[in-house]
Amino acid sequence: LEPNKSAEIMAFNASRGLVLRWTKEDARVQRRSRNSGSWRARRRTCLGMSQTLDGEAVDAPESGSGRTDPVLAFQLSLMDFFNGKDKSGTRLVGTLAHDCAWTNPLLSDQGANEIVEDLRRIRDFFLFPRLHCTPVSPTSFDWTISGTWPLPYRPRAVASGRTKVFVADDGAVQNVADQWDVSPLGVFRTVLPRWEDLYWLYVSPHAEDLDNQRRLDKVGNGYQIVSEASREEVSMVMDKLDAANNNLLKAPTLPEGIFNGDVRRTELWTAMRPILLTERARDDVTLAVPIPTRFRGRALVPEDATLSQIPRQRVAVKRVDGSPSREDVEKHIEWFKKRLQDDGIEITGPARFAFYSGKTGFNERGQIAISTFCTTPLVRRRNEILFPVK
C-alpha cells in the first residue's frame, strides 16, 4: 500500500466498518525472517487488507448499520471455498440468493447450487488452486485466480479481473458480474508450452508470468498502456558498480542473499518471470521478482529482502527484444519517456527493465531456491521497459 494512499484507504475502510491494524511506516515496506514465528502477525500489521490477500478465514465485519457486510462476506467465503478453508461451499451458498445469477466470459449460471457446483468443478480440476481478492469499492473487488494444470510440465493457469456484486434487500447476493483482464482463450494460450520451456525443460520448467494479469487499456505509437493486477514482489538492492560488473542487462543474476531455500532432487518447484531491474538512485539498483500466485501471502523471503505489495496500477509497456547494450537501453528509455510526455501521459515513477529470459524458482516451501537465465536458438530474447503512469 502506498503511503500517499493512506487517507483514501482508511476512509474507504471506515465506510465499510472494517477495523484494521495498519501503520504508515509498515505500509511502505515489510521484512520478515523465514525463521520468525511471528511473520504472519507482522504481515497483518503491514497489510491493511490482509484478510483479502492472505486468503485466511476471518469473520466478516459489520457495516455501519450493524449488519454484516454482504459483499465482503461473499468475497471472504469465495476465497475460503477456493483456498480449501470451506471445501463443501456451505458458507458460500449461505451468502447467495436462491435464484442468484453469475455471468462471466466462461460461465453463465442461475441458482446458488448450480453456481457452487460449477465453481467446485473448476477448483477440483486444478492442483494448488488459489484465489486472492482486494476490495475496490463497496460493491466490487479485484481478484486473481490461479491453479496448476494437471499436465506433466505443470503449467500455471492464471486469470485476473474485477467483479461487480448486486445485493438484494435481504442482504443476499442477487447478481454477480465478472470482467476478465484477458479472455479465457488468452488464459489457455499461456498454458501451452513455450519454445524456450521445451528447449530448457530439464533446468527450466514452464514459468508463470504477468501476461494474464494485464488488461489492455490503450495502444500507442510503439507502446501499450495496460492495467496490471495487484501482486507481491520480493526485492533486494545491489550496488550499481556490482550490477555493472555483473552485466545485468545481458544476463540478470539475482544477488546471493535472496536465496533462502534448498533444492531437493525430487521436488516440484514453481518458476516465475520476469526479473525486474530498477535504478533507484545514482548509486544502487533494485532487482525484484514477482511472487508466484501459488505462494502469494505465504512466501518465505530472506530477512534482508523486502516484500512489497504492488496495488493494481496502469503501466506503459515497450518491447525491447534481443540483447541490447546499456547504451541501447538508455536510448530506448529516453525515447519512451519523451513519447509518453508528447502523448500527454503522466509518468508517476522510474523506469523498470523486465527480463523474460530469466526465471526464478520457488521450492515447495515458498522459498527462492533457483535462478536460471536461458537463451534459445531461433527466438530473440523478450525484454520490456515499464513506466508506471496515471
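Biologist: In the hairpin of strand 17 and strand 18, which residue takes a positive phi?
Modeller: Gly366, with phi near 75°. The hairpin has five residues between its strands. Strands here are DSSP runs (E, at least two residues), helices are runs of H or I with at least four, and both are numbered from the N terminus.

Biologist: Is this experimental or predicted, and what are the ground rules?
Modeller: This is a predicted model: local features need pLDDT of at least 70, side-chain atom pairs count only at pLDDT 80 or more, and totals for chains, interfaces and linings use all residues. Residues are numbered from 1 along each chain as its sequence is written, and side-chain values use heavy atoms, with hydrogens and water left out.

Biologist: What pairs with strand 17 besides that?
Modeller: Strand 11, residues 270-272, in the antiparallel sense over three bridges. Thr360 is the bridge partner of Met272.

Biologist: And what sheet does that make?
Modeller: An open sheet of four strands in the order 7-11-17-18, with mixed pairing. Strand 7 (207-208) and strand 18 are the edges, each pairing on one side only.

Biologist: Is strand 17 buried or exposed?
Modeller: Buried. Five of the five residues, 358-362, are buried, so strand 17 is largely enclosed by the rest of the structure. Buried means under 20% relative accessible area, exposed means over 50%, and partly exposed is in between (1.4 Å probe, protein chains only).

Biologist: Which residues sit on which face of strand 17?
Modeller: Gly358, Thr360 and Phe362 lie on one side. Lys359 and Gly361 lie on the other, and both faces are covered. In a regular strand the side chains alternate between the two faces of the sheet.

Biologist: Switching to helix 11. What span should its residues give?
Modeller: Helix 11 has 17 residues, 326-342, so at 1.5 Å a residue it should span 24 Å. The end C-alpha atoms are 24 Å apart, which agrees. The expected span is 1.5 Å times one less than the number of residues.

Biologist: Which residues of helix 11 are buried?
Modeller: Val329, Phe336 and Leu340. They cover an arc of only 30° around the axis, which puts them on the same side of helix 11. That arc is taken from the directions from the helix axis to the C-beta atoms.

Biologist: What covers them, and what is on the face turned away?
Modeller: The cover includes strand 9 (224-228), strand 15 (313-319), strand 16 (352-355) and strand 19 (383-389). The face turned away carries the exposed residues Lys331, Glu334 and Asp342.

Biologist: What follows helix 11?
Modeller: Gly344, with a positive phi near 75°.

Biologist: How do strand 1 and strand 6 pair?
Modeller: In the parallel sense, over four bridges. Strand 1 is residues 96-103 and strand 6 is residues 173-180. Thr103 stands opposite Ala177 in strand 6.

Biologist: How do helix 5 and helix 7 pack?
Modeller: At about 40°, with axes 10 Å apart. That makes helix 5 oblique to helix 7. Angles under 35 degrees count as roughly parallel, over 145 as roughly antiparallel, 65 to 115 as roughly perpendicular, and the rest as oblique.

Biologist: Which residues make that contact?
Modeller: Leu78, Phe81 and Phe82 of helix 5 meet Val116, Leu119, Arg120 and Arg123 of helix 7. Contact means heavy atoms within 4.5 Å.

Biologist: Last one. What share of the protein is buried?
Modeller: Buried residues make up 53% of the 390 residues.

Terms used. Pairing = 2+ DSSP bridges. Axes fitted to C-alpha atoms, helices over the stretch in contact; angles between N-to-C directions.
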